[in-house]
Amino acid sequence: MPHFIVEYTDNLNEDLDLHRFLQQVNETIIAQGCFPTGGIRSRAIKLEDYVVADGSCEDDTFIHAKLKIGQGRSEAEKQKVSDEIFALMTDYFADVFAKHPFALSFELEEFQRTTYKKNNIHARYK
Ligand SMILES: O=C(O)C/C(=C\C=C(/O)C(=O)O)C(=O)O
């Protein structure tokens with residue numbers, strides 16, 4: 001299951017349309033052609049308890065996203081999906097960057113062990 005998980009600080013709440021962002025993330029992942037559409041699960045998690053830097057600025061904000069995938073993709077495939085997702089994030093959150101003290105980051109992580117899975121959504125995309 002490619003899992004896309006984005007965490008965001010709650011002081012960004014009013015500035016974000018995360019459903020539209022997650023839709024675009026899924027479209028980006030599907031367009032790669034190497035991830036099963038029925039396995040893609042994206043979600044956003046609002047952070048209420050966090051500290052940025054030395055904690056002196058309550059207006060500090062951040063967004064961190066992670067794409068978790070199974071093993072087997074080439075380095076080129078992993079680099080391409082990472083580059084495209086971070087480009088989307090940079091573009092999508094450009095207004096946030098202009099308006100707030102803001103840290104944006106992304107990582108790709110591979111599951112180190114086989115995941116346990118049972119998923120009947122795949123049948124829809126066969
Ligand atoms: O292999 C994995 O665990 C991740 C994965 C796909 C998973 C599913 O399709 C699923 O859970 O149904 C992947 O393509 O990276």
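Analyst: We may begin with E109, which is partly exposed at 27% relative accessibility. The terms are set by relative accessible area: under 20% is buried, over 50% is exposed, and partly exposed lies in between, with a 1.4 Å probe and protein chains only. The model is a predicted one, in which local features need pLDDT of at least 70 and side-chain atom pairs count only at pLDDT 80 or more, whereas totals for chains, interfaces and linings use all residues. Residues are numbered from 1 along each chain as its sequence is written, and side-chain values use heavy atoms, with hydrogens and water left out.

The partner of E109 is K66: the two form a salt bridge in which the closest N and O atoms are 2.9 Å apart. This pair links distant parts of the chain, for K66 belongs to strand β3 and E109 to strand β4, 43 residues apart. A salt bridge here is a side-chain nitrogen of Lys or Arg within 4 Å of a carboxyl oxygen of Asp or Glu. Side chains of opposite charge can pair when their charged atoms come close. K66 is also partly exposed, at 23% relative accessibility. Together with E107, K66 and E109 are linked in a network of salt bridges.

The strands named above belong to a sheet. Strands (E, at least two residues) and helices (H or I, at least four) are DSSP runs, numbered from the N terminus. Two strands pair if DSSP finds at least two bridges between them. The sheet is open and has four strands in the order β2-β1-β3-β4, with mixed pairing. The edges are taken by β2 (41-47) and β4 (102-110); each has a single partner strand, so one side of each is left without a neighbour in the sheet. From one strand to the next, the twist averages 15 degrees. Strands β1 (residues 3-9) and β3 (residues 61-69) run antiparallel and are joined by six bridges. V6, for instance, has A65 as its bridge partner in β3.

Helix α2 (residues 75-92) lies across β1, β3 and β4, at about 160 degrees to β4. For such an angle, axes are lines fitted to C-alpha atoms, for helices over the stretch in contact, and angles run from 0 to 180 degrees between N-to-C directions. Contact itself means heavy atoms within 4.5 Å.

Helix α2 has a charged pair of its own. K78 forms a salt bridge with E75, the closest N and O atoms lying 3.0 Å apart. Both are in helix α2, three residues apart, about one turn of the helix.

E110, in strand β4, is joined to K78 by a side-chain polar contact of 3.0 Å. A polar contact is a pair of N or O atoms within 3.5 Å; within protein, one must be able to donate a hydrogen and the other to accept it, and residues adjacent in sequence count only if both atoms are side-chain atoms. Leaving aside residues up to four places away in sequence, E110 touches I69, G70, Q71, G72 and K78.

The structure holds seven salt bridges. One of them joins R20 to D17, with the closest N and O atoms 3.4 Å apart. R20 is partly exposed at 47%, and D17 is partly exposed at 38%.

It remains to look at nonpolar side chains. A nonpolar core is a set of buried Ala, Val, Leu, Ile, Met, Phe, Trp, Tyr and Cys residues joined through side-chain atoms within 4.5 Å. Of the 27 residues in the largest nonpolar core, F4, F21, I63, M89 and F93 touch the most other members. At least two residues of this core come from each of β1, α1 (18-32), β3, α2 and β4. The contacts of F21 include F4, V6, L88, M89, Y92 and F93, not counting residues up to four places away in sequence.

Finally, strand β3 also contains T61, which is buried at 1% relative accessible area. The side chain of T61 reaches the backbone oxygen of P101 at 2.8 Å.
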